[in-house]
Amino acid sequence: MDLIEVIILGIIQGLTEFLPISSSGHLEIANKILNNQIEQNNLLLIIILHFGTAISTLLVFKKDIIKIIGDLLKIEKNNSSIFVTKIIYSMIPAVIIGFVFENQIETLFNNNLLLVGSMLIITGTLLLLTDKKSPENKNITTKKAFLVGLAQAIAILPGISRSGATISTAVLIGINKKQAAKFSFLMVIPIIIGKIIKDFISGEIYYESEMFVILIIGFFSAFITGFIACKWMIKLVQNSNLKYFSYYCFIIGLICIISHL
């Protein structure tokens, strides 16, 4: 894989991790176009790309995260400890599905454009419904956090946008749009970091010194575009402009299905 391909993959990951058009689906499409298979070395690159977007999220929400850490150190019940509890509830579905169905999930990532296209159309439908939903201002409860977590677990499927699914679910069950976007982006950080740690501990990831430059370039391309996309997405959700992404998902989804057939 050359540097241009790495930059392209990094930009795709950075944009699609936050914009509601499915990072996993687009990486599958990119791998199909670039004739790449996600083998050991490429898997390490994918992990680094996800790490780049995780760090960009930390930077965008640095004030919130610093406040949460500060409040948690007080070792008392407060808004931050309650928020963290909701994050933990949201993680439960993805953790269970990830551990129980890990092998089955891996088989889905084999450049199956029919699956990717079908899931992109589902994502587009969710976004369209969300854009038409009248605004409400309900708070995030532990029950609602678990429901949003279910959406995150389903978004393991390539073509289902994680941000699109979680934000749409949150808004459709009445959560304030700004809260929905913030919760969606913060809830994924522990999942990404946990997955990275698990993959490295498993010993299935191999590193060679000549990969260093490629990994660094991939990281920064994902980090920079992720930072921009995250801030942009927050504004898009608040201004109810998700329908344009739903149209995009419909178009790309249909192209994937037709190309497979």
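Helix α5 (residues 79-100) and helix α10 (residues 177-202) approach each other, their axes coming within 10 Å and crossing at roughly 45 degrees. Helices here are DSSP runs of H or I with at least four residues, numbered from the N terminus; axes are lines fitted to C-alpha atoms over the stretch in contact, with angles from 0 to 180 degrees between N-to-C directions. The two helices are therefore oblique to each other, a class left over once angles under 35 degrees (roughly parallel), over 145 (roughly antiparallel) and 65 to 115 (roughly perpendicular) are set aside. The crossing of α5 and α10 is right-handed, the near helix being turned clockwise from the far one by less than a right angle. Contact (heavy atoms within 4.5 Å) involves residues of α5 including Phe-83, Ile-87 and Phe-99, and residues of α10 including Phe-183, Pro-190 and Lys-198.

The model is predicted, with local features requiring pLDDT of at least 70 and side-chain atom pairs pLDDT 80 or more, while totals for chains, interfaces and linings use all residues. Residues are numbered from 1 along each chain as its sequence is written, and side-chain values use heavy atoms, without hydrogens and water.

Zero disulfides (pairs of cysteine sulfur atoms within 2.5 Å) are found in the whole structure.
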